[in-house]
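Biologist: I'm new to reading protein structures, so please walk me through this one step by step.

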Amino acid sequence: MRYGVFDQIEITGQPLGQLYRERLELIRALDEAGFAYYFKSEHHMIPLDSMPQIGLLFAAAAQCTKRIRLGSLVYLLPFHHPLRLAEEICSLDHILDGRFDVGVGRGISLPEHELWGLDTGRIAENYEEALAVLRAALTSDALTFHGETYSFTDVPIMLRPLQQPMPPMWHPGNFQAAAKEGMNTIVVGPPPVIAEQVAKYHAACEAAGWAGGTVGGINSIIVAPTDAEALAIARRTWPVFTDHLTPLFRKWNLGPPGDPTLGGNVELALEVGALVAGSPSTVGERLAQFEEGAGTDLFVGKFTLGDLSHQELMRSIDLFASHVMKR
């Protein structure tokens, strides 16, 4: 079983410089503990994400890590010029000595697109065009492409990624699209639901004519010395996480697709398994169920939630690494 961490770096009130230094300390600890992946999201104009510039964080993290793979989860392609993003990906892949994974997506927040000045009627088309240009720019010496949004003729490409033909690519949340696009994916749910999605993903990969990639299952995780303390932390932090995720949805009177925070209802999150909070023994039992029933060898934990302090976060990671991962 391999383990990864998904992070958003929520704004929690401390100076941003301190927050960034603490995240680099976390990533270094993950590397030393043997985690396989650290994934970072991209969001704009909400307190869920204090560092949407994924590349800046990863360039800094390259200096203090040796083994862990760093991955975008995801680059919001409609927000990026694909040629500029291809250059960033190539540079990061070399800075990280080939430890870079590239996750891409459209973004679930319509208000973020609208506030950014994007054409919300062309989100899917802009994503598809940007992906086509990005892939061509990562694998070509000269780029010619003509679409509705982007048009290039014989553009010279000077940078190539270290990993050939390109870094591993991920498309989370939609295993059918990931299979069609030749990408790895991340899915959510209790182990039987994940196992069902894993099987469907591999069947879709076979139908698309390739062997398939990795499917990771994701859960929010809080580990504390006792179940009571972990549950108390969960009940404090989950509503804050919900508040950080949803301000634009509330302002626009929209509901987040799938409502990943379950409306801030922590008891429901615990009941359905979206959130696991407990002692190392309790969390270890849940992870054993995952390993037995999920049908995949990658578990991705979201350990950072709401107003969780740096000390609580580092303790949670340490307990998970020393008791759950090494059981």
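What follows is a set of questions and answers about this model.

Modeller: Welcome! This is a predicted model, where local features need pLDDT of at least 70 and side-chain atom pairs count only at pLDDT 80 or more, while totals for chains, interfaces and linings use all residues. Residues are numbered from 1 along each chain as its sequence is written, and side-chain values use heavy atoms, leaving out hydrogens and water.

Biologist: What is the volume of the second largest pocket?

Modeller: Rolling a probe the size of a water molecule over the atoms shows where empty space is left. On a 1 Å grid over the protein atoms alone, using a 1.4 Å probe, a pocket is an open set of points with protein on both sides within 12 Å along at least five of seven lines. Points are joined across faces, edges and corners, and a volume is the space filled by probe spheres set on them. For the second largest pocket, that volume is about 190 Å³.

Biologist: Which element gives the most to the lining of the second largest pocket?

Modeller: Lining residues have an atom within 4 Å of a point, and there are 16 of them here, with Thr12, Gln14, Leu308, Ser309 and His310 nearest the centre of the second largest pocket. Two elements give two or more residues to this lining: helix H1 (16–33) and helix H12 (310–325). Such elements are DSSP runs numbered from the N terminus: helices (H or I) have at least four residues and strands (E) at least two. The most, four residues, comes from H1.

Biologist: How many residues of that lining of the second largest pocket are polar?

Modeller: Ala, Val, Leu, Ile, Met, Phe, Trp, Tyr, Cys and Pro count as nonpolar, Asp, Glu, Lys and Arg as charged, and the others, Gly among them, as polar. In this lining, four are nonpolar and four are charged, and the number of polar residues is eight.

Biologist: How far does H12 reach from its first C-alpha to its last?

Modeller: The expected span of a helix is 1.5 Å times one less than its number of residues. H12 has 16 residues, which gives an expected 22 Å, and the model comes close to that with 21 Å.

Biologist: Which elements do the buried residues of H12 pack against?

Modeller: Buried means under 20% relative accessible area, exposed over 50%, and partly exposed in between (1.4 Å probe, protein chains only). The buried residues of H12 include His310, Leu313, Ile317, Phe320 and Val324. They pack against strand E1 (2–7), H1, strand E9 (215–223), helix H8 (227–245), helix H11 (280–293) and strand E11 (298–302).

Biologist: Is Leu70 buried or exposed?

Modeller: Leu70 sits in strand E3 (residues 69–76). Contact means heavy atoms within 4.5 Å, and beyond its neighbours within four places in sequence, Leu70 is in contact with Ile27, Tyr38, Phe58, Ala61, Leu96, Arg99, Phe100 and Asp101. Because its relative accessible area is 0%, Leu70 counts as buried.

Biologist: How far apart in space are Phe39 and Leu83, C-alpha to C-alpha?

Modeller: Phe39 lies in strand E2 (residues 37–40) and is buried, with a relative accessible area of 0%. Phe39 and Leu83 are 44 residues apart in sequence, and in space their C-alpha atoms are separated by 22 Å.

Biologist: What is omega for the cis peptide bond that joins Gln164 and Pro165?

Modeller: Pro165 is in the loop between strand E6 (151–156) and strand E7 (169–170). The cis bond from Gln164 to Pro165 has an omega of about 5°.

Biologist: Is Asp97 buried or exposed?

Modeller: Asp97 lies in the loop between helix H3 (82–95) and strand E4 (100–105). Its phi is near 55°, a positive value in a residue other than glycine. Because its relative accessibility is 62%, Asp97 counts as exposed.

Biologist: What is the phi of Asp154?

Modeller: Asp154 is in strand E6 and is exposed, with a relative accessible area of 54%. Although Asp154 is not a glycine, its phi is positive, at about 50°.
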